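Here is a short report on the structure shown below.

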Number of protein chains: 2
Amino acid sequence: MKVGIVGIGHGKFGRRDDATVQELAFEPFKEALDDSGLSKEDIGATVIGSSPEYHKQRSLPGVVAEYLGMNPQMTYLTEAACASSSAALHNAVAYIKAGIYDIMAVVGAQKMTELTTPEILALMGRVGDVQWESVFGTTFPGYYAMYARRHMHDFGTTEEQMAKVAVKNHAHGLHNPNAMFQKEITLEKALGSRPVASPLKLYDCCGNADGAACVIVAEESKAKSISDTPIWLKGMGAASASMSVLRRKELNSIPSAVEASKQAYEQAKVEPKDLHLAEVHDCFTIAEIIAYEDIGLAKKGEGSKLIDEGQTYRDGKMPVNVDGGLKAKGHPVGATGASMTVEAVKQLRGEAGKRQVDGAELVLTHNVGGIGQYCFVNIYSR
Amino acid sequence: MKVGIVGIGHGKFGRRDDATVQELAFEPFKEALDDSGLSKEDIGATVIGSSPEYHKQRSLPGVVAEYLGMNPQMTYLTEAACASSSAALHNAVAYIKAGIYDIMAVVGAQKMTELTTPEILALMGRVGDVQWESVFGTTFPGYYAMYARRHMHDFGTTEEQMAKVAVKNHAHGLHNPNAMFQKEITLEKALGSRPVASPLKLYDCCGNADGAACVIVAEESKAKSISDTPIWLKGMGAASASMSVLRRKELNSIPSAVEASKQAYEQAKVEPKDLHLAEVHDCFTIAEIIAYEDIGLAKKGEGSKLIDEGQTYRDGKMPVNVDGGLKAKGHPVGATGASMTVEAVKQLRGEAGKRQVDGAELVLTHNVGGIGQYCFVNIYSR
């Protein structure tokens, strides 16, 4: 039995002092209901993807389900760091394939700006191994700086190539009204921005944001009756890798991403060259270059070529992150996976406006949790 | 297709300064593997049930999966407050019924004693609605004190009846080597203990504990080949209720528990009178009396009769919480649901030693999250 996406919603990402986390969740939920033509009574259960510690409010599904009017239906939260709502989507597909529910809503929601930047950095460091690594001051940019240094050392990747990823994603984000940063940047500006964790500079890093996105999924026959253009989950992969970098064999690749994409390609019976678009997890610019290699768009060590040659621009050979990616869109961690799925669906429906990739028939999303301890990869088609 | 439990493990609950959260998780995981005769290579994926905010370590599945040696298999966390590992078990059943994995491990793990009691109380208050209720100082005992007052007002339930629940569960806990408190208490001691949130006194409250429990589930044919005595999940119910008490119609019952148990009975095609044992969520003594009514062991308002008449003792007509319940066993919130399931399985296998309920063939577990915003009810049989 296939599972189809029949409704999508996406709120504005950025600093959202105007909304509590449940209010953030409501916006895309309502939009997704309207998009699908369903009413909330049709939804069997709701899964919330979020990274809890950023919120004053604990146990989000309680307040969110109440605010969405979804009691007494089942609800709970999934957490897989920055891949939390991809885990939620995988859960919903499992419940539907199991025949337990026919229609489910997945809501990725995150409010991060209740905290100060130092507080956020401290919390992010604690997503790394607290016993053996955080004690030495590893923060999130610090972890990805290690990836960058290693990739530079092993393959000659340059700071300029990384900056080019930022320039591309900002150019794409210009056309995404939900993006946190809707402005182009120059290579000079990116390269000249202040260091965060060398070699990563400010413009190598995505922005911490508030935001939410929602995806409504349904079993095959229901999906066909609800929507004229259901989008099918053709392949799904999920894998893990060690949390401690000290237990990683190499730092120029994310092993969970390699494994999850392998699973997704096998299930979908397609190859990287069949894709028309990929939305990948560019929490830092180096992460996008590594993603090119991990999901098979480029050979290992050759990811930087794709950006050098402009292949991953919207009008290039293999568009990547045409919605601006985490870089320009902002990264409300729990919402990012659902946000990627929303863009995949828009593209496959041909509803992406100025961002539309011509002839998009096969789209991949690649959502990494933490420093790669989780990865969820999905392949979607009409 | 049926889903069977083929392996169980349960660590010591209590103050566990000797172990990190991943070490706590390892103990029952190893025990469950040994119990099942499986090796970790047989496990398709691991779901961690936990309430994250109590830990210095964020994103537990990352460190736990690494420590259990479960990379590169999928892992993620489920959170539904005190019902987090019941949500994880429901997830695992869905994945197996969907045919995505054949065998999965559910690990409930929680370390709460890294924090001080005031810190824990503050965190617990934030499981209630932060916007409208926590600001008025509602803590967890405060919420349940409201339930107690309302039940006393509506039905004449007394403080003595509540204390009798504590006396019973401590008597049961005496025979559970994994319990935090293995000692009997008297009615006088319970009634004379210091007030926590009137009318609840110290002995009306369960103890904050560290702890972990593990359940390995498998699809029907695998379960039969792995185990001579697989225990079947015969009925499963899951529901939610408003988080804010201000939106509850009544406070003498937990609506999600009523709904979830109705679903479980219907699916299992049994009635409350068919049960031989129930493990219910006695985070406070009043919660056990309300549970009697919510799951249909007593009519509404008549729950206190069961404890007055001693019916819910191990040798009574309808044994409840023969492992000591949350009250004597301790309540490491994320581990409690899995712990209940472990006891159900032990009883159905006839392996519960001095706690064994004669002729136990049908067991129910009732795991409430928070103040009832979630409830998961399962019915198990041989």
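## A hairpin in chain B

In strand 11 of chain B, B:F376 is the bridge partner of B:N367. Strands here are DSSP E runs of at least two residues, helices are H or I runs of at least four, and both are numbered from the N terminus. Strand 10 (residues 362-369) and strand 11 (residues 374-381) of chain B run antiparallel and are joined by eight bridges. Two strands count as paired if DSSP finds at least two bridges between them. Strands 10 and 11 of chain B form a hairpin, with four residues between them. In the turn, B:G370 has a positive phi of about 60°.

This is a predicted model, in which local features need pLDDT of at least 70 and side-chain atom pairs count only at pLDDT 80 or more, while totals for chains, interfaces and linings use all residues. Residues are numbered from 1 along each chain as its sequence is written, and chains are lettered from A and ligands numbered from 1 in the order in which they are written.

## Strand 10 and its other neighbour

Strand 10 of chain B also pairs with strand 9 (residues 277-279) of chain B. Those two run parallel, over three bridges. B:A278 has B:L364 as its bridge partner in strand 10.

Is strand 10 of chain B covered or exposed? It is mostly covered: eight of its eight residues are buried. A residue is buried if 20 or more other C-beta atoms lie within 10 Å of its own, exposed if 12 or fewer, and partly exposed in between, with C-beta atoms placed from the backbone. In a regular strand the side chains alternate between the two faces of the sheet. In strand 10 of chain B, B:L362, B:L364, B:H366 and B:V368 point one way. B:V363, B:T365, B:N367 and B:G369 point the other way, and all are buried.

## Strands 2 and 3

Strand 2 (residues 45-49) of chain B is mostly covered too, with five of its five residues buried. B:A45, B:V47 and B:G49 point one way, and B:T46 and B:I48 the other. Strand 2 of chain B pairs with strand 3 of chain B in the parallel sense, over five bridges. One of the partners is B:T75 in strand 3, which bridges to B:T46.

Strand 3 (residues 74-79) of chain A and strand 3 of chain B run antiparallel over three bridges. There, B:T78 is the bridge partner of A:T78.

## How the chains meet

A rotation of 180° with 0.0 Å of shift along its axis superposes chain B on chain A, at an RMSD of 0.0 Å. The superposition is by least squares on the C-alpha atoms of residues with pLDDT of at least 70 in both copies. The two copies are thus related as by a two-fold rotation axis. In chain B, the C-alpha nearest that axis belongs to B:A98, 2.0 Å from it.

52 residues of chain B are in contact with 51 residues of chain A. Contact means C-beta atoms, placed from the backbone, within 7 Å. On the chain B side, the elements giving two or more residues are helix 2 (60-68), strand 3 (74-79), helix 3 (84-97), strand 8 (231-240) and helix 9 (255-268). Strand 3 of chain B gives the most, with six residues. By class, that side has 25 nonpolar, 17 polar and 10 charged residues. Nonpolar covers Ala, Val, Leu, Ile, Met, Phe, Trp, Tyr, Cys and Pro; charged covers Asp, Glu, Lys and Arg; the others, Gly among them, are polar. The copies meet through the same surface, because 98% of the interface residues of chain B are also interface residues in chain A.

In chain B, the axes of helix 6 (residues 159-173) and helix 10 (residues 285-294) come within 8 Å and cross at roughly 95°. Axes are lines fitted to C-alpha atoms, for helices over the stretch in contact, and angles run from 0 to 180 degrees between N-to-C directions. Helices 6 and 10 of chain B are therefore roughly perpendicular. Angles of 65 to 115 degrees count as roughly perpendicular, under 35 as roughly parallel, over 145 as roughly antiparallel and the rest as oblique.

In chain A, helix 3 (residues 84-97) and helix 13 (residues 336-349) pack at about 65°, with axes 5 Å apart. A:T336 lies in helix 13 of chain A. A:T336 counts as buried because it has 35 C-beta neighbours inside 10 Å.

Note on methods:
Two residues are in contact if their C-beta atoms, placed from the backbone, lie within 7 Å.
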